[in-house]
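Please read it alongside the coordinates.

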Amino acid sequence: MLSTGALRAHLLAARLAGPVATTRETSLRSYRLFAARDPRVLLGLAPERAWQEADLLRLMADRCGVSDDPGRVTGPDVIDPERTLAALDAFAERLAGAAARRSAVLLGTGHPHRLLGFYAVLADALSASGCAVLTPAQGRSVDISTRFGVRPCTLDYVEGVALVREPGVRAPGSATGAHTHSPLPVRAVLDEAARGGGPLPELVVGDHGWVCGAGQLGIEAVGLADTDDPALFVGEAEGRVSVVVPLDDGVPSEHYRPLARYVLDRARLSR
């Protein structure tokens, strides 16, 4: 079993927490855009209150450990590893509850190049515990805004984890996909599940629009978020997202494996 101390050391060594690669400029820009209700950073969330930049900075200082000094505008941002560890414990509790109830679950990522392996380990453990890991709407086309304009992307699942692919990039089932913040994929998945008469997920696990999109529709959602993703933390503060784990979501994929082991140990789902 991975100890809390060992995981804390790993978080800092891998720069998942502590000083992270996400810059202060990037985070502050996201807070400005969120305050202006820019859909690119709302990630499918419709905030109940008017969040100003100062409100968001205080929230992110509380939830992530970033500096609450508005005068600090440059350099790397910082995530408090103690907050990451506490959130991982809460994340594990939600997985344990889903496993105990044998809930239907949906896992999806907008960061497949980095986080697919993390979610795939969880999907395997939840399936082994008796949960139905849902895979509706495979192959369905979803129009998503990219840096090249609106493009029709295709929903796919790899090892039980949903992602989207841009046209002609890779064959279905290959372990890569498009980076997206959009909530449209989770909406398409939920719509297909509802229209098909199949089970709807009782828990959604993921990041970006997968979490905010599900939470906005009233489905329990838990996930991971960086300091430039305020929407998930606002969703948590407003009660539509259950747990958000603050960490850098862009480090090499192998660095997330110890986190998956830690979560499964805490959830008593290790085999």
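**Notes on packing**

1. Helices α4 and α9 are roughly perpendicular to each other, because an angle of 65 to 115 degrees is counted in that class. Helix α4 spans residues 53–63 and helix α9 residues 230–237; they pack at an angle of about 85°, and their axes are 10 Å apart. The model is a predicted one, and every value in this note is to be read accordingly.

2. On the α4 side, the contact is made by Leu56, Leu59, Met60 and Arg63. Helix α9 contributes Pro230, Phe233, Val234, Glu236 and Ala237. Sorted by class, the contact of α4 with α9 comprises seven nonpolar residues, two charged residues and no polar ones.

3. Two aromatic pairs are counted. One of them joins Phe91 and Phe118 in a tilted arrangement, with 6.3 Å from centre to centre and 50° between the planes. Phe91 belongs to helix α5 (residues 81–101) and Phe118 to helix α6 (residues 112–128), so this pair ties together parts that lie 27 residues apart in sequence.

4. Phe118 also pairs with Tyr119, and here the geometry is edge-to-face: the centres are 5.3 Å apart and the planes stand at 75°. Together, Phe91, Phe118 and Tyr119 form one aromatic cluster.

5. Helix α10 (residues 257–266) is mostly covered, with seven of its ten residues buried. Those residues are Pro258, Leu259, Ala260, Tyr262, Val263, Leu264 and Asp265. What do the buried residues of α10 pack against? Their partners are α1 (4–13), α5 and α6. Helices α5 and α6 are also the elements that hold Phe91 and Phe118, respectively.

6. A backbone detail follows helix α10: just after it, Arg268 adopts a positive phi of about 60°.

7. A separate side-chain arrangement involves Arg49 and Trp51. Arg49 lies over the face of Trp51, at 4.0 Å from the ring centre.

Conventions. Residues numbered from 1 in each chain as written. Predicted model: local features only at pLDDT ≥ 70, side-chain atom pairs only at ≥ 80, totals over all residues. Heavy atoms only, no water. Phe/Tyr/Trp six-rings, centres within 6.5 Å; stacked < 30°, edge-to-face > 60°. Helix = DSSP H or I, 4+ residues; strand = E, 2+ residues; numbered from the N terminus. Lys NZ or Arg CZ within 6 Å of the ring centre and 35° of its normal. Axes fitted to C-alpha atoms, helices over the stretch in contact; angles between N-to-C directions. Parallel < 35°, antiparallel > 145°, perpendicular 65-115°, else oblique. Contact = heavy atoms within 4.5 Å. Nonpolar A, V, L, I, M, F, W, Y, C, P; charged D, E, K, R; others polar. Buried < 20%, exposed > 50% of the residue type's maximum accessible area, 1.4 Å probe, protein only.
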